[in-house]
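Please read the description that follows with the sequence and the structure at hand. It starts from a strand and then moves on to a whole chain and its contacts.

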Amino acid sequence: MRVELRNIRPWRHDLGHCLHATMGVLLAGHGADPLHVLGAAWGFGYRSGDLRREEYYVPFGARSLLGAMAPHHPVSSRWHRPPDPDAAWTQVRDAVRDGRAVAAAVDNYHLPFRPAYRDVHTNHLLTVYGFDDERDEVLLADPVPPRFQGAITGAEFAAARASDNPEDHDRDLFFTRNPIDGRWLELSVGPDLPPWDLDHVRTVITANLAALEADRTLPDGYADDGAGLFGGRRGLARFLDAAAARMRAGDDPEVVDETFVVAGTVLAETGVHADWLATAGHTFARPALREASRLVERVAHHWSAVRIIVANARTDTAAAAGDLEHRAVALLTDQDRAMDLLARAG
Amino acid sequence: MLHHVSPTLVRSAAAAAHPVAIEDFLDSVGVEPHSRTGRGAFNIWGNAFPAEELPCGTLIEHDRVPFRFPPADGERPDHLRCRGQRIPLPAARADWIHVLGAAERRTEDSVLLEYADGGVRRQWLRLSDFWPQTGPRFGERLAFRTSAMLYPRHEQRTMSPSVWHQRVPVAVPDGLSALVLPHNPAMHLFALTLVEEQA
């Protein structure tokens with residue numbers, strides 16, 4: 001039997017990573033516009049210690065990664081953890097056979113098209129959109145460079161899904177040591193996605209600002225507690241302040257991993273939201289939204305800096321604490337300017 | 001009557017160009033020869049550009065602007081990460097500071113222009129991502145795109161990273177004395193050149 005699902009096309013945002021790319025591919029496969037869905041949210045939330053060592057981590061996404069990424073839309077995702085490698089393949093095959101493309105967690109070490117092939121172990125997410133039983137092939141879509149859409153052998157795919165993802169070298173610093181475990185992800189999209197119109201855009205912006213200003217997380221609406229739960233504008237400031245303080249103390253190597261991974265998720269969300277605002281401003285002839293887009297984009301570019309300031313501080317976190325403190329001041333200033341403009345732009 | 005032309009065609013020819021000496025500020029190895037030293041780490045993952053595909057150690061011209069591209073042997077620093085360096089500039093009139101560089105994920109920051117009379121002015125430096133299959137975001141022109149990217153233990157022929165040609169406007173062209181870079185280590189610079197446009 002051979003199945004190759006249609007409507008599977010590459011989608012990627014340059015400030016996102018494999019999670020955004022895979023969700024974009026799958027959303028488009030469901031007929032939804034990836035930017036409209038993935039770009040709507042803009043907030044801040046993190047619970048201390050929640051970090052998972054996977055490139056597709058997103059805060060508050062344990063129950064539904066897609067739900068945490070797109071809280072303004074009736075979409076969700078659900079992890080499946082098959083009990084054994086046979087079930088891992090059978091479950092994915094059945095879903096694709098029934099017309100549902102799915103996401104699969106993989107270790108790049110076993111995938112011939114990934115640069116990490118037979119080099120380093122690192123976990124990754126991609127789309128499964130077909131199979132060919134006779135040829136023993138699985139069809140995968142992976143827009144993360146180097147972009148790939150095509151077939152690999154069933155054995156390669158099985159190895160990538162069964163991997164323990166061990167830490168062999170020091171190159172992949174953040175996303176190893178987390179077994180892949182055959183996990184795969186199923187999306188639920190709709191029904192009744194909101195229309196792409198100005199009312200929807202205004203509703204989304206109002207909700208984003210309300211959560212930020214009320215110091216709450218956007219998904220689930222948890223309130224910043226002044227301690228380990230960081231939410232909204234206050235939580236954002238506290239998160240950066242706490243990271244800088246931990247770096248200055250110099251005795252907490254975990255601060256590098258935690259801040260880098262969380263910064264990556266905020267960078268992605270902020271960058272995609274900037275493009276969402278730009279598209280809305282252009283589509284609905286609202287210049288203020290386009291201007292706000294540029295301010296939000298500037299905030300994203302601060303997160304690019306945060307990510308690399310922290311990542312390069314692994315051997316001496318105290319030396320980089322000042323850079324992070326100064327960056328945080330600039331980021332928060334631009335964050336406030338963007339929020340002020342958005343409050344007036346709707 | 002208006003004629004719509006591509007931006008390249010309306011760029012003035014340089015009246016004078018002065019490559020800036022940045023040798024003393026190079027602090028990072030991001031380029032490696034095929035013999036591989038293992039020190040190349042343009043990004044945190046240890047990726048590097050192949051030296052044989054860049055004009056290392058030569059005076060080159062890109063889009064009519066001369067640049068002094070640093071030598072690269074995989075041992076000595078061949079570029080700088082922006083960490084607040086204060087770089088003296090040649091005493092020359094300048095309308096633009098052209099740069100060759102790239103970022104780890106696109107980013108932007110202000111640079112500080114210092115003048116001989118004690119004045120300072122800020123301008124924006126914006127750099128796009130060096131990552132393969134990622135286009136310019138800030139109007140840069142592609143300076144170099146290598147056919148492969150180096151990984152710590154192998155060469156990846158399906159990954160082609162980029163070096164961008166960007167420019168920073170200089171609103172007050174006379175009396176520049178120094179350029180102070182931002183504290184943004186995601187920004188990497190290979191070369192700087194002051195350019196005065198023809199009137």
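In E14(B), B:Val168 is the bridge partner of B:Ile97. Strands E8(B) and E14 (residues 162-169) of chain B pair in the antiparallel sense over six bridges; pairing requires that DSSP finds at least two bridges between two strands. E8(B) is also joined, by eight bridges, to strand E16 (residues 183-197) of chain B, and these two run antiparallel. There, B:Trp96 stands opposite B:Val195 in E16(B). Helices (H or I, at least four residues) and strands (E, at least two) are DSSP runs, numbered from the N terminus.

This is a predicted model, in which local features need pLDDT of at least 70 and side-chain atom pairs count only at pLDDT 80 or more, while totals for chains, interfaces and linings use all residues. Residues are numbered from 1 along each chain as its sequence is written, and chains are lettered from A and ligands numbered from 1 in the order in which they are written.

Strand E8 (residues 96-103) of chain B has eight of its eight residues buried, so it is largely enclosed by the rest of the structure. A residue is buried if 20 or more other C-beta atoms, placed from the backbone, lie within 10 Å of its own, exposed if 12 or fewer, and partly exposed in between. On one side of E8(B) the buried residues are B:Trp96, B:His98, B:Leu100 and B:Ala102, and on the other B:Ile97, B:Val99, B:Gly101 and B:Ala103.

Chain A has 10 helices and nine strands. Its radius of gyration is 20 Å, close to the 20 Å that the globule rule gives for 346 residues, so chain A is as compact as a globular protein of that length. The radius is taken over C-alpha atoms, and the rule is 2.2 Å times the number of residues to the power 0.38. Of the 346 residues of chain A, 55% count as buried.

An automatic or database assignment sets the domain bounds, giving domain 1 (2-189) and domain 2 (198-345) in chain A. Their centres, taken over C-alpha atoms, are separated by 25 Å. The contact between them takes 28 residues from domain 1 and 38 residues from domain 2 of chain A, where contact means C-beta atoms, placed from the backbone, within 7 Å.

Between the chains, the contact takes 21 residues from chain A and 25 residues from chain B. On the side of chain A that touches chain B, helix H9 (287-311) and helix H10 (317-345) are the elements that give two or more residues. H9(A) supplies the largest share, eight residues.

Methods. Contact = placed C-beta atoms within 7 Å.
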